[in-house]
Amino acid sequence: MYLTAISAGQEAYDSALLDPALAIASHLQVDDDIIRIVLPEVALDALRVDSVDRMYFQVVGPYGERIAGNARIPLPPSSLAADASSQGYYETVIQGQRVRVAALSVPHRRGRILVQVAETFIKRERLVRELMLSTLLPELTVMLVAIALFWYGIRRSLKPLERLRNEIASRSPADLRPVAEQDKPLEIRPLVSALNELLARLNGAIDSQKRFIANAAHQLRTPLTSLKTHAELARRDPDPVEMRALLDMITSETESTSRLVNQLLTLARAEPGLEPVSGRQPVNLHDAASRAAQSWVPKALAKNIDLGFELEDAWTLGDPLLLRELLANLLDNAIAYTDAGGAVTVRTRVADGEACLEVEDNGIGIPDSERTRVFERFYRVASAGGAGSGLGLAIVSEIAEAHHAKVEILTPPDGRGICVRVAFRPLAQTAATA
Ligand SMILES: Nc1ncnc2c1ncn2[C@@H]1O[C@H](COP(=O)(O)OP(=O)(O)OP(=O)(O)O)[C@@H](O)[C@H]1O
Ligand SMILES: [Mg+2]
């Protein structure tokens with residue numbers, strides 16, 4: 001705006017400067033080679049009258065001779081002088097003062113007559129100053145005020161964020177209470193509520209871990225206490241038969257305690273979110289099940305249970321150690337909760353786009369109402385009896401979850417016992433063997 005206004009102002013002054021040049025040109029009298037100029041007093045006054053600037057004029061003939069003028073005005077630059085009928089403006093210096101010159105060429109038989117009118121820059125500089133004061137200054141002031149306001153506004157609106165940061169930074173790690181949402185600005189409320197959801201989940205995870213540790217400690221304390229009692233009894237009792245019976249008890253208690261410790265370790269290992277220990281690899285459930293047969297057939301025989309296998313190839317990606325653990329817990333239950341003379345069947349196959357592993361028995365079964373709860377850690381069906389710690393199915397469920405597999409408890413066709421089915425993501429055999 002400032003620059004446009006200045007150039008418009010300069011143009012107006014320039015064309016005003018050309019007027020006296022035109023007036024002088026109109027008073028030229030050309031008589032053959034004699035060129036005269038008769039300037040009426042009014043015209044000379046017009047040149048002198050400007051109260052602000054100093055004005056100069058000069059008329060130069062075709063041979064460069066000075067015809068009239070009140071100062072020596074340097075000739076225009078060659079670009080202006082060359083064109084005989086041109087008029088134009090340029091800047092130069094007269095008596096040490098910067099001047100603006102309007103030059104006008106009047107054609108003449110022998111060349112051209114040059115009329116120059118010059119004026120100092122006082123008016124023009126005043127115009128620049130005035131424009132500066134009237135446009136540039138207010139704009140600058142507005143800009144500075146705007147910057148100050150923005151700066152203040154941004155600082156003010158970031159304050160709550162800083163307060164939130166301090167609030168979170170000063171918390172103790174144990175303090176997982178939700179962060180207050182109401183006093184926060186609308187913009188950061190979604191962030192705070194996402195943070196609170198995370199805190200709630202973390203709280204839940206920590207709670208379940210605490211419960212688990214408390215339960216585990218409790219579960220371990222019971223067999224350790226009875227171990228200690230039996231060991232002390234054995235020390236005091238001199239009767240070798242009694243002592244033998246106590247030592248047998250100690251052996252079986254040691255076995256079940258070490259099984260419990262193993263179960264706890266497996267649970268910690270299968271914790272969802274953790275990478276499996278031995279890594280994912282293609283596993284044929286068929287092979288995993290037939291390997292389990294070796295260790296479980298003798299146990300089934302000992303209880304007079306008919307352990308059968310119906311195995312088809314079923315490949316999946318998995319952790320062989322965890323899968324063995326899963327199968328062991330299912331077989332352990334099936335044999336434990338089936339009466340002598342019963343039957344247990346292990347099946348593997350690919351069905352409905354899933355790699356399935358099933359362990360079916362015709363034992364005491366689980367009531368429908370208990371079928372979800374039995375997967376909780378340490379949960380046991382009261383009527384079932386036996387001496388488990390309630391971790392087997394929790395282990396099964398967590399290993400399945402770590403493999404993105406689903407576990408279901410179904411009722412076998414003849415209505416007796418249960419069939420636990422674990423459905424894994426299948427792996428094409430070609431991919432598996434490759
Ligand atoms: N095949 C089954 N038939 C009938 N009931 C079963 C069967 N499998 C599990 N259950 C019931 O589910 C409960 C939980 O089983 P889970 O394997 O988790 O624990 P557990 O067998 O009691 O102890 P452990 O940790 O030693 O395995 C059992 O107490 C039992 O009542
Ligand atoms: Mg069990």
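Colleague: At which residue does the kink in α7 lie?

Modeller: First, this is a predicted model, in which local features need pLDDT of at least 70, side-chain atom pairs count only at pLDDT 80 or more, and totals for chains, interfaces and linings use all residues. Residues are numbered from 1 along each chain as its sequence is written, while chains are lettered from A and ligands numbered from 1 in the order in which they are written. Helices (H or I, at least four residues) and strands (E, at least two) are DSSP runs, numbered from the N terminus, and a bend is the angle between axes fitted to the seven residues ending at a residue and the seven starting there. In α7 that angle is about 45°, shortly before the proline Pro298, and the kink lies at Ser295.

Colleague: How far does α7 reach from its first C-alpha to its last?

Modeller: Helix α7 covers residues 285–302, which is 18 residues. The expected span is 1.5 Å times one less than the number of residues. For α7 that expectation is 26 Å, and the helix comes close to it, reaching 26 Å.

Colleague: Which residues of α7 are buried?

Modeller: We count other C-beta atoms, placed from the backbone, within 10 Å of a residue's own: 20 or more is buried, 12 or fewer is exposed, and in between is partly exposed. By that count, the buried residues of α7 are Leu285, Ala288, Ala289, Ala292, Trp296 and Ala300.

Colleague: Is Asp352 buried or exposed?

Modeller: Asp352 sits in the loop between β11 and β12, and its phi is positive, near 55°. Most residues other than glycine have a negative phi. Asp352 has 7 other C-beta atoms within 10 Å, so it is exposed.

Colleague: And how many other C-beta atoms lie within 10 Å of Phe378?

Modeller: Phe378 is in the loop between β12 and α9 and also isn't a glycine, yet has a positive phi of about 70°. Phe378 counts as partly exposed because the number of other C-beta atoms within 10 Å is 15.

Colleague: Which helix supplies the largest share of the shell around ligand 1?

Modeller: A residue is near the ligand if its C-beta atom, placed from the backbone, lies within 6 Å of it. There are 23 residues around ligand 1, and Asn333 and Gly392 are among the closest. Both α8 and α9 supply at least two residues of the shell. The largest share, 4 residues, comes from α8.
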